[in-house]
Amino acid sequence: MKVSYLLLFFVLLSQEVASQTSTCFGTTSNGRLINGVKLPAAGNNFVGYSTLARLAGRTYVHSEVKNIIIAAYQELETEQPTKLYKYAETGFKTGGQFKPHKTHSNGLSVDFMTPVINERGQSVYLPTNPMNKLGYAIEFDKNDHYAGVYIDYEALAAHIVALHKQAKTHGHDLWRVIFDPKLQPKLFTTKYANYLQENIQFSKQPSWVRHDEHYHVDFAVACK
């Protein structure tokens, strides 16, 4: 009897592990996803951009991408202990077209809201609500300012570095980072400049939206 219960336990455990392992197909712009997993609502140094969007199923990613993202946030607790981060749109559980985005279709694309500091230099979350289209309608001015907050390039650079390091640790990579080309030079004034220049492929051409209030990361995970 004990052997039967033990066998049942391992069968159920293997099924649970399998259900949490994702498989992606196609490309970020034309793909799909099996067993997408939802990002957690919050952690010690991060939150999601919208409870309503989370309930609507817009925060699913490939299981390997989730592992990389969580590990990067954990790394940042030590690397940048005073900084706060917010993730944004990811994709649907089964992938596919994800309006209004042109990508995000196979679980490997993630938007992150730009880290900001207030006028006292404290790390705060960029405000995301229906009035500003969950943050996507925000536009920073020529001084990197919006409604009392300023872009935190040090925190942003640290996050990209952490994502890349954790991607490599998990046997993957980052394909590209889309961030306003006019703002990219300010990332290269941070202490992470050399690492970014040597390891990260940034978009060089302006995208169809500005990408100043958020940065888009495509993860390089093998798909079928």
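1. Ala-147 is placed in the loop between strand 10 (145-146) and strand 11 (149-151); helices (H or I, at least four residues) and strands (E, at least two) are DSSP runs, numbered from the N terminus. Although not a glycine, Ala-147 has a positive phi of about 50°. Most residues other than glycine have a negative phi, and most peptide bonds are trans.

2. The model is predicted: local features need pLDDT of at least 70, side-chain atom pairs count only at pLDDT 80 or more, and totals for chains, interfaces and linings use all residues. Residues are numbered from 1 along each chain as its sequence is written, and side-chain values use heavy atoms, with hydrogens and water left out.

3. The protein chain has a mean pLDDT (the predictor's confidence in each residue, from 0 to 100) of 92, and 92% of its residues reach 70 or more. Over residues 5-18, however, pLDDT stays under 50, and the model has one contact (heavy atoms within 4.5 Å) beyond four places in sequence for them. Where pLDDT is low, the predicted coordinates should not be read in detail.

4. A cis peptide bond joins Lys-99 and Pro-100, with omega about 5°. Pro-100 is found in the loop between strand 6 and strand 7 (109-113).

5. Helix 3 (residues 63-79) packs against helix 4 (residues 153-169) at an angle of about 125°, their axes being 8 Å apart. Axes are lines fitted to C-alpha atoms, for helices over the stretch in contact, and angles run from 0 to 180 degrees between N-to-C directions. Residues of helix 3 including Ile-68, Tyr-73 and Leu-76 meet residues of helix 4, among them Ala-158, Leu-163 and Ala-167.

6. Eight aromatic pairs are found in a search of the whole structure; rings of Phe, Tyr and Trp (its six-membered ring) pair if their centres lie within 6.5 Å, and planes under 30 degrees apart count as stacked, over 60 as edge-to-face and the rest as tilted. Tyr-73 and Tyr-85 form a tilted pair, 6.2 Å centre to centre with 40° between the planes.
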